[in-house]
Amino acid sequence: MVEELAQADDAVAACVDDAVWALADDELVAALDAAHCLEQRLAAVKLALVREVDGRGTAVTQGASSTAVWLRERLRLTIPAARRLVDLAACVDAAPTTVRGALAAGAVSLEQARVIADTVSTVQAAAGPEVADKAVGVLVDWAGQFDPMLLRKLGTRILDHVAPDIADAAARAALDAEAARAARDRHLTISEQTDGRLRLTGTLDAEAAALLRAAIDPLSAPAGPDDNRCAGQRRHDALADVCRLALRTGELPDSGSDPAQIVVTTSYDALTRQLSTGVLDIGLHLTPETVRRLACDATILPAVLGGTGQVLDVGRQRRLITGPLRRALVLRDGGCAFPGCDRPPRWCDAHHIHHWADGGDTNLNNAVLLCGHHHRHLHHTDWTVRLGDDGHPEFIPPAWLNHDQLPRRNHYHRRT
């Protein structure tokens, strides 16, 4: 297969530099159709490969926590895109052979294939395999006329066309299936932008949507006739207010034995000169004005660094003697330190590099932050960890994975 794909790559490469401007209109449209068909056929091959990688557990064997995380590193995808790829591979793999054949032939797109597979699964549960086979044929024909969104809407009444005698009862089953899909597809993605801001994207199920509306709508109203914020800015500020209220309740779960709170890092010199720019514990930079404002808030914990970046003060909490050490570890590692992992500090455990049971000290030079998966992985595999010359963790892969055993580092949490 690798040789055939290389030949296909050569053929596509030969088209890249073609002068498309010289094509007549009918040739241009025909070339576009051919390129789209080829794209779908290659997608079918790619999904089959992803499904096999996932089924073999190749990603976990190589140290990743999931196939999606492995694909992010291997193919340089975003996590949402990688997860959709894994899910779609499983969905198409479980679909009838007609659906896989239509995708391989370029007759349907990836998203149309998902819609058809979901719809046929619902039909088969309601009416049996024979009716489901009829539904596949109708849906594949419709895919030549309708986009995925309209195809899904039409699919909710597919039984009107292939089994009208049971259509009404099945419509209820279709609604139940749609509710199940909504629960499956719910997600929230938090993406850091280059300027330090965060972009929120996601899909909420009906219950979470109602909760969000109930929480932020009262806080989103204009504050008065002089409030010149747009609706989006008011919703942004309302969400921040909800988070402040939640932090002040003191009822949020602990984060690595520490209460949920914001940590602002600043330098000692800047602090004494009242020029204290700051960095949040999630890596985002703050202006001096913001640092001074947050310093007035009792839910904010200051962390002061000396000139060489060592932790001078991370606050004191009488109840938890490990609190300052853990916060120093969070400031250094920023999250799970295992290469390729982007899990945040609140999901992580502190791991002794030289095990405490073997006489290892409990200090910053003998600790590394690891998520639960990579904490277990380090204990049960041949990976090892050490601190590099700059005091940051680096991981040595086993020889079977990398013959030269070159140290690897996590670049997702490093801060400038």
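Trainee: Which residues in H4 and H5 meet?

Mentor: This is a predicted model, in which local features need pLDDT of at least 70, side-chain atom pairs count only at pLDDT 80 or more, and totals for chains, interfaces and linings use all residues. Residues are numbered from 1 along each chain as its sequence is written, and side-chain values use heavy atoms, with hydrogens and water left out. Contact means heavy atoms within 4.5 Å, and helices (DSSP runs of H or I, at least four residues) and strands (E, at least two) are numbered from the N terminus. On the H4 side the residues are Thr67, Ala68, Val69, Leu71 and Arg72, and they meet Ile79, Ala82, Arg83, Leu85 and Val86 in H5.

Trainee: Is H4 oblique or parallel to H5?

Mentor: Axes are lines fitted to C-alpha atoms, for helices over the stretch in contact, and angles run from 0 to 180 degrees between N-to-C directions. Angles under 35 degrees count as roughly parallel, over 145 as roughly antiparallel, 65 to 115 as roughly perpendicular and the rest as oblique. The axes of H4 and H5 come within 8 Å and cross at roughly 120 degrees. Therefore H4 is oblique to H5.

Trainee: How many nonpolar, polar and charged residues has the contact of H4 with H5?

Mentor: Ala, Val, Leu, Ile, Met, Phe, Trp, Tyr, Cys and Pro count as nonpolar, Asp, Glu, Lys and Arg as charged, and the others, Gly among them, as polar. By these classes, the contact of H4 with H5 has seven nonpolar, one polar and two charged residues.

Trainee: Is H2 perpendicular or oblique to H5?

Mentor: Lys46, Leu47, Val50, Arg51 and Asp54 are the H2 residues that meet H5. The axes of H2 and H5 lie 8 Å apart, and the packing angle is about 100 degrees. For that reason H2 is roughly perpendicular to H5.

Trainee: Which residues of H2 and H4 make their contact?

Mentor: Helix H2 (residues 25-56) packs against helix H4 (residues 67-75) at an angle of about 125 degrees, with axes 10 Å apart. That angle makes H2 oblique to H4. The contact is formed by Lys46, Val50, Val53 and Asp54 of H2 with Thr67, Trp70, Leu71 and Leu75 of H4.

Trainee: Which residues have the most contacts inside the largest nonpolar core?

Mentor: A nonpolar core is a set of buried Ala, Val, Leu, Ile, Met, Phe, Trp, Tyr and Cys residues joined through side-chain atoms within 4.5 Å. Buried means under 20% relative accessible area, exposed over 50%, and partly exposed in between (1.4 Å probe, protein chains only). The largest core has 41 residues, and those with the most contacts inside it are Val108, Ile116 and Ile158.

Trainee: Which elements give two or more residues to this core?

Mentor: In soluble globular proteins, nonpolar side chains tend to be buried together. Here the elements that give two or more residues to the core are H2, H4, helix H5 (79-94), helix H6 (97-104), helix H7 (110-127), helix H8 (129-143) and helix H10 (159-162).

Trainee: Which residues does leucine 154 touch, not counting residues up to four places away in sequence?

Mentor: Leucine 154 is placed in helix H9 (residues 148-155). At 29% relative accessibility, this leucine 154 counts as partly exposed. With residues up to four places away in sequence not counted, leucine 154 touches Trp142 and Phe146.

Trainee: Is arginine 76 buried or exposed?

Mentor: Arginine 76 is found in the loop between H4 and H5. Phi of arginine 76 is near 60 degrees, a positive value in a residue other than glycine. With a relative accessible area of 71%, arginine 76 is exposed.

Trainee: Against which elements do the buried residues of H17 pack?

Mentor: In helix H17 (residues 372-380), the buried residues are His373, His374, His375, His377 and Leu378. The buried residues of H17 pack against helix H3 (58-61), strand S8 (348-352), strand S9 (367-371), strand S10 (384-387) and strand S11 (393-396).

Trainee: What percentage of the residues in the protein chain is buried?

Mentor: The protein chain has 17 helices and eleven strands. Of the 416 residues in the protein chain, the buried residues make up 35%.
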